[in-house]
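Here is a short briefing on one protein chain. It starts with a term, then moves from the whole chain to two of its residues.

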Amino acid sequence: MNVAQYLRDIMTSNVMTVNESQSVQEAAAIMSQYNIGAVPVVNSSGQMTGIVTDRDITLRTTAQGQNAGTPVSQVMTAQRMVEGNPNMDVHQAAQLMAQQQIRRLPVVENGQLVGMVALGDLAVQNQYANEAEQALSSISTPSSPQQ
């Protein structure tokens, strides 16, 4: 049995993206259509500039009374972007996801988004099930309510 050792072996490569000028409604429609909780945000050159999650839309748009036409660039997470590369070891990726408390890791090569790895991708590889479990327990540690 061939065991995945690098992100390129387990990543999803046909990643849906949204342009930073598109609306949160368009991003939400993509999430709904493809049953995904996060969409990488790219600029006109195809470079990833952020990521928008269903939670970002809920907390930064709906809860703030913003309308559905709000540009994704206003609600996306951009400053703390964490990314992997296709040649990154799966163990390193699991540790990075645990440390950063993220469930999805964009995979970037030469400035271009080439894939996405979710915690579930690690879990389905039996060899990495323990790492996925450890990462999830780190990610799921309750944080203090924001004031």
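Strands here are DSSP runs of E with at least two residues, numbered from the N terminus. Ala38 sits in one such run, strand β2. The model is predicted.

**Whole chain**
- The chain has six helices and five strands.
- Their order along the sequence is α-β-α-β-β-α-α-β-β-α-α.
- Of the 147 residues in the chain, 39% are buried.
- The accessible surface is about 8,600 Å², and carbon and sulfur atoms account for 43% of that surface.
- Take the contacts between residues at least 6 apart in sequence: 56% of them join residues at least 24 apart.

- Is Ala38 buried or exposed? Ala38 has a relative accessible area of 6%, and the cut-off for buried is under 20%, so Ala38 counts as buried.
- Leaving out residues up to four places away in sequence, Ala38 touches Met31, Ile51, Val52, Thr53 and Arg104.

**Asn43, in a loop**
- Where does Asn43 lie? Asn43 is in the loop between β2 (38-42) and β3 (48-53).
- The relative accessible area of Asn43 is 17%. That value is under 20%, so Asn43 is buried too.
- Beyond residues up to four places away in sequence, Asn43 touches Asn19, Glu20 and Thr49.

Note on methods: Residues are numbered from 1 along each chain as its sequence is written. This is a predicted model: local features need pLDDT of at least 70, side-chain atom pairs count only at pLDDT 80 or more; totals for chains, interfaces and linings use all residues. Side-chain values use heavy atoms; hydrogens and water are left out. Helices (H or I, at least four residues) and strands (E, at least two) are DSSP runs, numbered from the N terminus. Buried means under 20% relative accessible area, exposed over 50%, partly exposed in between (1.4 Å probe, protein chains only). Contact means heavy atoms within 4.5 Å. Accessible areas come from the Shrake-Rupley method with a 1.4 Å probe; for residues, only the protein chains shown count as cover.
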